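Thank you all for making the time this morning. I would like to walk you through one model, chain by chain, and I will give the cut-offs as we reach each term.

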Amino acid sequence: MYRILIIGALILQIPSWGHLKAQEPGLTELSIVNQSMDKFLISGTIRREGSEDILVAAEIRIEGTVRGTLTDDRGKFSLKLKPGNYILVCTYMGFKEKRVPVTLDRDLTLDISLEVKEHEIGEVNVIASLKKEDPIVKGRPIENIGEGIVNTLNTNDVNDALHGRIPGVWDTKISGAPGDHNRIRIRGLNSIFGSPDPLYVVDGMIIPIVNSMTLGISDLNTHDVENISVLKDASSTALYGYLGGNGVILIDTKKGGGRNRLNFSYKKGIQSFSKRYDLMNSEEFLNTTETSDRILGGPQFYLYIPSKGVMPKYPRYLDPEGNPIGSDDQQEMLFTTGSLSEYNLSGQGSVKGIDYYLSGNYYDHHGIVENTHYKKYTLTANVSRDLGTKLRLRFLYKGSHQEHYNTLDNYLGNTVIFKGINFEPSFNYTPDSIRRQSFRLYYNFIGTQLARSSEILHNYTLSPETLIWDQEKSRNDNNHSGTITGTYKINSDLLVNATASLSFRNYLYSSILPVQNQYLESAEGVIVLDQQYDVKYHKSFGNHTVDAMVRYSYYRDNAFWKIDSLVNTVNYLYPSYNDVFLRGSQAVYGPGGSVNRKLSSGIFNINYNYRKRYFISFICNYSSLREGHYVKRNNLFSSVTVNWDLARENFLQSVQWLDAFNLYVNWGQAGNYPLNSLSNDLYTDDYLYASGRQITGGAGIFNLANHFLVHEEVTETNAGARISMLGDRLKLGGDYYIRKYNDLLLYRPIPPYYGGGLFFDNIGEMKNTGLELSLEIIPIQRDAVIWVTKAGFSTNEQYVTDLHDGIPVELTSSDPLYPDFIIDENLPLGDITGYKYLGKWKELPENVKEEKDVGKHKDLAYLRLDTAQIRIYENDKTVIGNSIPEFTFNWINSLQYKNFSCEMLWYGVVGVDKYNATKAATYITGNHSGLRSMVLDTIQGIRDQIFYESSFFVEDASFIRMKTLRFSYRPSRKIAGRVGWEISLSFENLITLTRYSGYDPEASIYTDNTFTDNAMDWGAYPNPRGYFISMNLEF
Amino acid sequence: MKYKTLTLLSLALVFSCDSLFHEDSDDYIVLDSEQEILDILNGIYAQLVQVYDEGYFEALCRADDINLYPNYYFLWPEWPSGCGSYYSHDYAPNYENIYHPLVKIILNANSEILQLSGEKDAIFLGEFYFLRAYAYYTLARFFGNPHLVKDIDVSYTVQRPTCEEVYEFIEQDLIRALELLPLTNQYARIPGETPHQGTAKSILAEVYLSWAGNPINDGARYRKAVQHSGEVISARSMYGYDLLDDYGSLWKSTNKHHAETIFGIYYDYSNVATRNRIGDMFVGWLNDRFRVSSHYHPEFYFYERMPNNSRKINSFNNIEKRYLPSVDPCFFINRSCSTKWVDTTEYFLNDSISNIPGRYGTSTTLYLLRYAQTLLTFSESRARCGILDDSTYEAVNMIRRRANGVDPYTPSEFDLEKNLSQEQFIDSVVWERAWELNFEPNGRWFDIVRLDLKDKLPEYRYDFDFPYEVPEEYLQDNWYFYKIPE
């Protein structure tokens, strides 16, 4: 009987099933116990120092070799080795490393005890360090992603690590543009008009969300990350009270210590994108236009230029050889080959009692759309030192600078792509003097009216070259944060921890479009102060284990923003704020503003475990939130968890193959986000008045806010099971949850006698139900080969269950390229409404034509709901799609053969529809090849808005994608005996299976609410295919 | 030891950095400086300017067209088709532009009134009360009984009050303003512009006059109107009020501050945002080519029948202007409009600087109340109280004299006949008021409402005006009051 364990966080993340957890920083090592008879057996138990507690899955390594093992669930280990002198290195997360020299000349039994590294039980470690044993993890679906995954990501974006790894986390790479473009939704959309983004906590410190621009953790260096924990359910996020409702992502960075070592890595990658729309070339376009005008009776116009007289209506331009010019596909002009390079240098270890981790990273990424790039510089320093035997201090500094250049899609997608392809093919090749006239030709084809009412027309004079090379949309971000932590160990049971962190974040965004005299600048900054005081207590006596924590935390931020925007009209500049889109933060409408938030919480957590079978945990979080002038709220968030490990029960003790069988139920409450100043009245200082014989500025309220606004609150009940069997070679997990949201924030019109406008009100209730399943199998576990396969599946159904005033919230737009949406009681969230397209009328079978609900509009057939009316009109709109996936799944395979390893990650999103506005726009402007046949077929009705609001452009955007395929080779032999090295080759998005006809089914845009985001592809920046090679040296 | 000291120092630093934050995050809400109060006041005046746009005067100009119902949008075919894209134009009164800025004024005033204290900021508080009262008075005259909102916490359950409650509220505000405002013009925040007690008193007299008429018809209020207007007239030298000799000079943009202004809004041509651009309205039929409908026609019809004197000449100006006639014969702008809206000579002079639309405008002051009106109010309300003495006659005669271009203080041939009956006298004053205030913000329309004249009005329409029929459902509406926009 032997036990083989993988230490392979590099290749795969093994979630915490409650018992076994492999953790080995950075290295891919495989140890196999040799059963040869001329070897002696070392066996023993590893315990927590000063107690009888055993440590499960502690690591025992033979120094200087790759051999080692982990302790089993009784804290025991055994190793067979040839006689000789060895040093056993025992490590366990949250404990000090212990080196035990042994002389092996007989079978040995050792009892090793490890000392707790108290100072590491910081904020994160409440969860993270106790992955195996910490009571709080039991009975709660908390999942981890190890540094092995995060450190080897293709792009330097920590959020990428969440792609397809954890059931219940719907992570969308919304844009292939360089820089951070992830949209993470944990267990559904937790808010419609508020922020649905999870809370990020980096090294215990809360990352503020002020608006869309400061969101996230793009400033982090992936190489610094040690562990990511995802708290999905409200029973765990109750710890974060007002901030926990959308799920919490805890990120723990490297702390240093141990052996001194230096690590250098270099990465080079290229990205390519080859999918194209089928667009007409210049010749085809002009032919079609001519035909269209003749057959369909196009609007009459003439090209008249005073200096040149009348110009030809359908001008052809020929090159010197007489061939039509402008027949190239303009898409080739937009897309290029992206490239990426990264340098990372880090050092860690311990010098004169000071543990340190230092790193610097430079990341440079050029996107697949011309003239888009992103750069990131990060610097991290983490040092800690013991002062005496009881006190430990830690200093942490993180600094970063990011430069985005044309990579930020503002509201409604990427202009270069969207407008670039909606461009008359011959336009670019016409002489300058008639450019302006040419555009008339360009949009007359389908009709001025449609083009005017959509976004496309606004840039009609901009050629793709101008769009690509003349616009400068840049943003520079700076982040600096410093943290000081002091840990004082009163005695072996009691620990006091104090942390304070101060951080400054700011960015400057500027958008310059010289040809249109548009200048926009916005700046935003936030100062964050975060303080935490913890008292932790741990005690075991007999069969009882008690862990308790009391915490007081104080979070404060002060965010401020300023928007300068000037648009030049004929002869004066006037300010315009429309270009700045800031969702969930109403107060920033207008030229600027600020918000000051204070959040103080008193938290009590107690966990009790009896005989390691019965576990119960309570969290109480009494929080007080102060924001702006009106928000003064106090609330109690609580949670309870019960876990029962059946495998330890007597009646199952005889079942040898069952390793663990945990059943749990939990319940908890958490709040959604701070209100982001939504309860502050909006003022404008735009007024000018000619009073006092001089012109003076004035200010005033222009939109009242809801002074009684409260946060959204989620109450969740979760039940789950975790089963591990056959020596942990088969693991099953499942969770079922019901989340209920009270006080859902929705728009509500303000009565006209209060000035009109819209504000937010807590007028709804929403319900999510979901199922998450996971399966992990180790089919092959031989000496040299290990194959681990893992699959996850999750589904989430979401309904608005109640609207207090019963009035549905309708999101309609006059833009033909923006579908309609509706939020109503008992309707699934994310429904897209429009006309149901049935086909060309003449192609419909006769019996179908006679049906009452088939309506004819010109030559096209649509579903008719209002059968009393013959024409197709507003009342015939129906649900034509849903933008929220029915289920998502992932499948991860990792294979290790000697020094080679391979990982493959598949990610699937199924049952999601998207309105392909990019394609629809090419129909309006008339250069899509699909239109040609319709025009030649004399189909009428393709110029009408109904066609563009129909299901003709709603497509199934389900996809299955091979997100990652990675091969790596890490020889055991070091260069010159001391430099370890590893080389790896990685592919991204190599295979995508989808029926979606657009560029990328995954890419989407940013709209004014959370559920229409995914419903539209409006020139979304596609995710490219990538090829990466990286090298890693360790000294 | 060094470590420990350093550590403790830095710890103390970080743990105490709460003081980095500005305690006062809601700068706009807590008025901590006089400048912020002034900003809000300026904002209110700027919004008051927005009320008096084309929509306001269109609403007034429908006075005599009894077939036009207040809430009926009618799309006028303003221009003949086939000439550019100007073939139709919606000229239904845009009363939302009247309602919304007034509500915003009330909102901002409410916000300040809730925060300011009478002792410290009496002069500002008085001005806010005054402005709130004025906004409610304007709302009441257009919409009858607008919701009374006194706070800034949005409530969905505010009920429409009775018209009387609205006037009581306005009265209260003006009485409070009277207590708080400075005594006379010279102590006003901006002398000659911002309100003082004389302004509040004059407005109060107008409020009582309206209160006494339709829809409340509380005749007892005439006495109060007499009292307040009488006080203003007798103390006119203290307040600095007087009639100007030359009627026409009132609307010269150079004549911005003078004795006849009681309350007005001011413009400045030098900035595009503060220009008086009410002259963008026009009366299309004056151009031979385009004899088509306009909402201004009823008012213009009335104007055409005014007594022919210097007042009539100085009330309207007809200037036609064509842009680029050689290129586009359709592209012309006929800027015939009242001189009481803009200084027409200057307006078109500015216009001709550049042919680009958007450049024109003037600095002409728009009078929301002038001394002449107070005289007429005094005269009418006094007559209604049955007092037909010399001072009653004198007040209206002053107006008549000036209208005919003679010295207002010297008796002349234009004076009313003595010994008219009460009814005859009132009738004369009402006509005088209509002619005197024609095209002005407090023009004839409000008298039609106040005196319930609907059934006595002739139907002023030109034969080329577009024929239309009002749909049945609108005929039930109150002809005098607009519906509050939803």
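Predicted model: local features only at pLDDT ≥ 70, side-chain atom pairs only at ≥ 80, totals over all residues.

Residues are numbered from 1 along each chain as its sequence is written, chains are lettered from A and ligands numbered from 1 in the order in which they are written, and side-chain values use heavy atoms, with hydrogens and water left out.

Let me begin with chain B, which has 17 helices and eight strands. Of its 486 residues, 62% are buried, where buried stands for under 20% relative accessible area, exposed for over 50% and partly exposed for what lies in between, with a 1.4 Å probe and protein chains only. Contact here means heavy atoms within 4.5 Å, and of the contacts in chain B with a separation of 6 or more, 71% join residues 24 or more positions apart.

Two helices of this chain can be checked for length, the expected span being 1.5 Å times one less than the number of residues. Helix 2 of chain B, residues 34-51, has 18 residues and should therefore span 26 Å, which agrees with the 26 Å between its end C-alpha atoms; 14 of those 18 residues are buried. Helix 6 of chain B, residues 163-180, also has 18 residues and reaches 26 Å from first C-alpha to last, close to the expected 26 Å. Its buried residues include B:Val166, B:Phe169, B:Ile170 and B:Leu174, and the buried residues of helix 6 pack against helix 5, helix 7 and helix 8 of chain B.

Still in chain B, B:Asn442 sits in the loop between helix 15 and helix 16. Is B:Asn442 buried or exposed? B:Asn442 has a relative accessible area of 7%, so it counts as buried. Its side chain makes a polar contact with the side chain of B:Gln373 at 3.5 Å, a polar contact being a pair of N or O atoms within 3.5 Å where, within protein, one must be able to donate a hydrogen and the other to accept it, and where residues adjacent in sequence count only if both atoms are side-chain atoms. Leaving out residues up to four places away in sequence, B:Asn442 also touches several others, among them B:Tyr134, B:Arg141 and B:Leu368.

Turning to chain A, we find 14 helices and 54 strands, and 63% of its 1035 residues count as buried. Of the contacts in chain A with a separation of 6 or more, 71% are between residues 24 or more positions apart.

My last stop is A:Leu990, in the loop between strand 51 and strand 52 of chain A. With a relative accessible area of 25%, A:Leu990 is partly exposed. Neighbours within four places in sequence aside, A:Leu990 is in contact with A:Met962, A:Leu965, A:Arg1025 and A:Tyr1027. A:Asp913, by contrast, is 77 residues from A:Leu990 in sequence and 23 Å from it in space, C-alpha to C-alpha.

Terms used. Helix = DSSP H or I, 4+ residues; strand = E, 2+ residues; numbered from the N terminus.
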